[in-house]
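Here is a short report on aromatic rings and their neighbours. Keep the sequence and the model in view as you read.

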Amino acid sequence: MKTHSSVLRDMLCDPNLKPSTIPIDTKSSDLELFLDYMMKFPPPLVRYWSTAAQLFSLADRYGCPIVHDRLRFRLGDIAMQAPWEVFCFASHENDSDLARKALEKMGQDLTRNEMTLTDMAAKDILKPTAPYLVGLLYQLERNRAVTWNKRSYRNDVNWDIMAKYFTPRL
């Protein structure tokens, strides 16, 4: 009885085997990074959420959980640049630690750092899972700082406290 490796070796050594290209609809730089995440340790840093999203898509499409896991481990670094996206991703992965890391960085997100219960955009409400959205809304209600921000005419959100006490809720 032949083993899987001997069958594979026989296939690759077959003189009738002709080289052919495999069409993959992604940029070569993303494919190279995807292969680096598959083979290199430690994997390289990813700086942008758009790149991470592309790598997650490739990992799902080609069934590579190691790429998914390694990239997920590195998302704390991306949270500085895209905290809301990382928070939403964490909600779908049910990763409250990653969600807390993302919430810590929300103060630097100029589009969402002053988020309130009444002014969340519909597109934002639809991204996280329900338990994480409810947990966020609960924290927004409870942990609003008591200091008035004269520049924005509203109370500031203390994102460090939000992150510290955040838990998914239903």
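Is tyrosine 132 buried or exposed? Tyrosine 132 is buried, at 2% relative accessibility. Buried means under 20% relative accessible area, exposed over 50%, and partly exposed in between (1.4 Å probe, protein chains only).

## About the model

This is a predicted model: local features need pLDDT of at least 70, side-chain atom pairs count only at pLDDT 80 or more, and totals for chains, interfaces and linings use all residues. Residues are numbered from 1 along each chain as its sequence is written, and side-chain values use heavy atoms, leaving out hydrogens and water.

## Aromatic pairs

The whole structure holds eight aromatic pairs. Rings of Phe, Tyr and Trp (its six-membered ring) pair if their centres lie within 6.5 Å; planes under 30 degrees apart count as stacked, over 60 as edge-to-face and the rest as tilted.

One of them joins tryptophan 49 and phenylalanine 89. Their centres are 6.0 Å apart, with 65 degrees between the planes, and the pair is edge-to-face. Tryptophan 49 sits in helix H3 (residues 49–61) and phenylalanine 89 in helix H6 (residues 83–93), 40 residues apart. Helices are DSSP runs (H or I, at least four residues), numbered from the N terminus. Tryptophan 49 is buried at 18% relative accessible area; phenylalanine 89 is buried at 13%.

Tyrosine 132 and phenylalanine 166 have ring centres 5.6 Å apart and planes at 40 degrees, so this pair is tilted. Phenylalanine 166 is buried, with a relative accessible area of 1%.

## A cluster

Ring pairs link Trp84, Phe87, Tyr132 and Phe166 into a cluster.

Definitions and conventions: Helix = DSSP H or I, 4+ residues; strand = E, 2+ residues; numbered from the N terminus.
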